[in-house]
Amino acid sequence: SGEIRSKVWARRWRPTIVLPTGVDLRLFKPMNRDEARAKLGYGPDERVVLFNDGRNPEVKDPALALATVEMAKTKIAHLRFVVLNGMVRPEDVPLYMNAADALLLTSRTEGSPTVVQEAMACNLPVVSVDVGDVRERLEGVQHCAVVRSREPAVLAAELMKVLENPRRSDGRTHVSALGIRAIAVRLVEFYRAAGGFPSGPQPKTVL
């Protein structure tokens, strides 16, 4: 993220580029929500909030996520809190994203959180604290919220807005530049401009 680049002294005399993490747009894509829920055993009337713990609680702050969801439960009936703790196979994550109503992100620090780009690719609404490049990534994306506060009540209020009027985001229309192939091309172009690659045809890369 730009925030991280600002902390790197070498940027003052060396070429730099800020690249978000790439997403496999062939894997992460919109699916039928009812079919996804049926496969996971979720009820059609449940409100499902997805949270990525990533086995890194010090960074992801699951306590804040849980407090936020507990507050939302006082107003939202049949709310299911689903935590991705690293036990779900990567190829199954799109199924969970398409079955959910919102992704909640409460990290204390991030660069360019991949889970946000993946949610966008699946048209899953995101409610997040203002961390890393999330605000930049979600600019103009409908039915999402970026909250500056880390107070559970403030986050819960935004989460409830999303859950009370459940619909998909339009993140897919904003994510084409975040595909792994597009990011790879930008990286090759940067290295070539910096003298790291010879000029000529672009190297063939299998991604």
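In this predicted model, the side chains of Glu-70 and Lys-73 form a salt bridge, with 3.5 Å from N to O. The two residues are 3 apart in helix α4, so about one helical turn separates them. Glu-70 is partly exposed, at 39% relative accessible area, and Lys-73 is likewise partly exposed, at 36%.

Glu-158 is partly exposed, with a relative accessible area of 24%. Elsewhere, Arg-33, Asp-34, Arg-37 and Asp-101 belong to one network, connected by salt bridges that share partners.

How many salt bridges are counted by this rule? The count is 16.

Please turn now to Asp-61 and Arg-150, whose side chains meet in a salt bridge at 2.8 Å, N to O. Asp-61 sits in the loop between α3 and α4, and Arg-150 in the loop between β5 and α8, so this pair ties together parts that are 89 residues apart in sequence. Is Asp-61 buried or exposed? Asp-61 counts as buried, because its relative accessibility of 8% falls under the 20% cut-off. Arg-150, by contrast, is partly exposed, at 31%.

Which residues does Arg-137 contact, leaving aside neighbours within four places in sequence? They are Pro-20, Gln-117, Met-120 and Leu-178.

Key: Residues are numbered from 1 along each chain as its sequence is written. This is a predicted model: local features need pLDDT of at least 70, side-chain atom pairs count only at pLDDT 80 or more; totals for chains, interfaces and linings use all residues. Side-chain values use heavy atoms; hydrogens and water are left out. Contact means heavy atoms within 4.5 Å. A salt bridge is a side-chain nitrogen of Lys or Arg within 4 Å of a carboxyl oxygen of Asp or Glu. Helices (H or I, at least four residues) and strands (E, at least two) are DSSP runs, numbered from the N terminus. Buried means under 20% relative accessible area, exposed over 50%, partly exposed in between (1.4 Å probe, protein chains only).
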